[in-house]
Amino acid sequence: MKTPTYLYFPLEEYQERLQQLRTRMEAKGVDVMLIHTPENLYYMSGYQTPGYYWYQTLAVPLDKEPVFITRLIEDSNVQALSWVEDSRPYEDSDDWVAKTKDALVDLGMADKRIGVEKESWFLTVGDYERLCATMPSAQWVDCSGLVEQGRMIKSPQEIEYMRQAAEAAEAGMRAGIEACRVGATENEVAAEIHSVQIKTGSEYTGLPIFISAGPRSALAHATWYRQELQPGWTVFLEIPGCIHRYHAAMMRCVYLGEPTELLLKAAEVMATALEKTITYIKPGVSAEEAYEVCRRTIDDSSIGVKLAQRAAYSIGIGFAPDWGEGYIISMKKGEKRPLQKGMTFHLIPLVFLKGIAAIGVTETILVTENGCESLTPNVERRLFAK
């Protein structure tokens, strides 16, 4: 295990992550695991690049040193960012599947049980089928979620990076609220948010910031679109921050003029749902139980709309196309797993008032030893009127 040029976690933490993964691999009955998901590659090794539109994998055997296979120009990132010593890059004209097969054969895995992330967005069906065809004596085992089991509970250093990301998210939100005014464009609001967010330390985020105004503010995942802000419009803001690929995010809304009673009430209900759910959360409570607290608060209110999505999703490491980790765990119906100290979520009381606006009052939270802490508590929980 070499010391890379840029080291953001102690080597001991990487050693612990590796040992814990190998323990889970052993329980799964696999001899080696191929990791293709960018977040998992980063978590296990420190390696990162936005160039994951080309094939890359980390082969992790139970009892030998891991092997990295990346595009040749990405090998600079393996050398500078990762502790992995055995890197076998391929040129653009090479067959990366053949390169992976050769590495597995060198590791003595030609007829062993090989774990793959079948649910990864970054292992194509074609590459998987070719891997299977080139190693007919091997047994292929779905190990989707095996690395993510380690990512679910954040270490103290991971939480510290998320606190820094939360500061960038809050700074961006305050700038966005300040920039919202009649006559400004959505692009001008976006520029102010990006400027302050980045100056506060944020890297590029796994998703863009979400800014939408007027009739467009009722659209899910809409972002800035050049239009000029008008009197009587709601401006929806969802702002992330990112430090060393760890994210925090939050939502607030701004109204340009005198808000209607419905909009004020909706924002009040979202803030109440946020507070009640934060107060309820503690280790041992199931994710579904926390969801129900948020859902009931919204559904039983007088605003006439219901919670239409999960109440929260895990958040942490993120590369495009997402800043969340909801595929690891979310607070939703049917999710019986208990919450544990060190879990982090974006808690999202959010409703869509059809044809009017989306109203959300959301924060990034940390499950603590005895309860729950908001990492983004420093922007008032209300509808801002300007």
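Author: In helix α1, the buried residues are Leu11, Glu13, Tyr14, Arg17, Leu18, Leu21, Arg22, Arg24 and Met25. Buried stands for under 20% relative accessible area, exposed for over 50% and partly exposed for what lies in between, with a 1.4 Å probe and protein chains only. Helices (H or I, at least four residues) and strands (E, at least two) are DSSP runs, numbered from the N terminus.

Reader: And what kind of model is this, and which atoms and numbering go into the values?

Author: This is a predicted model, in which local features need pLDDT of at least 70 and side-chain atom pairs count only at pLDDT 80 or more, while totals for chains, interfaces and linings use all residues. Residues are numbered from 1 along each chain as its sequence is written, and side-chain values use heavy atoms, with hydrogens and water left out.

Reader: Fine. What covers the buried residues of α1?

Author: The cover includes β1, α2 (38–45), β2 (57–61), α6 (148–151), α7 and β9 (246–255), where contact means heavy atoms within 4.5 Å.

Reader: What span should α1 have, and how far apart are its end C-alpha atoms?

Author: At 1.5 Å a residue, the 18 residues of α1 (11–28) should span 26 Å, and the end C-alpha atoms are 26 Å apart, which agrees. The expected span is 1.5 Å times one less than the number of residues in the helix. Just after α1 comes Gly29, with a positive phi of about 80 degrees.

Reader: Switching to α8, which of its residues are buried, and where do they fall around the axis?

Author: Glu186, Val189, Ala190, Ile193 and Gln197 are buried in α8. Seen down the helix axis, the buried residues of α8 fall within an arc of 100 degrees, so they line one face; the arc is that of the directions from the helix axis to the C-beta atoms. They pack against α7 (156–179), β7 (210–213) and β8 (234–243).

Reader: What follows α8?

Author: Gly201 follows α8, and its phi is positive, near 125 degrees.

Reader: Now the strands: how does β2 sit, covered on which faces?

Author: Both faces of β2 are covered, with Thr57, Ala59 and Pro61 buried on one side and Leu58 and Val60 buried on the other. β2 pairs with β1 in the antiparallel sense over 4 bridges, and two strands count as paired if DSSP finds at least two bridges between them. In that pairing Ile35 stands opposite Leu58.

Reader: Which strand faces Leu58 from β3's direction, and how many residues lie between β2 and β3?

Author: In β3 the residue opposite Leu58 is Phe68. β2 and β3 (67–69) run antiparallel with 3 bridges, and they form a hairpin with 5 residues between them.

Reader: What about β5, parallel or antiparallel to β1 and β6?

Author: β1 (32–35) and β5 (113–116) pair in the parallel sense over 3 bridges, with Val32 opposite Ile114. β5 and β6 (139–142) also run parallel, joined by 4 bridges, and Arg113 has Gln139 as its bridge partner in β6.

Reader: What handedness does the unit of β5, α5 and β6 have?

Author: β5, α5 (125–134) and β6 make a right-handed β-α-β unit; right-handed means that, with the strands pointing away from the viewer, the path from the first strand over the helix to the second runs clockwise.

Reader: What does Met331 touch, leaving aside its neighbours within four places in sequence?

Author: With those neighbours left aside, Met331 is in contact with residues including Ile281, Tyr291, Leu339, Phe345 and Ile365.
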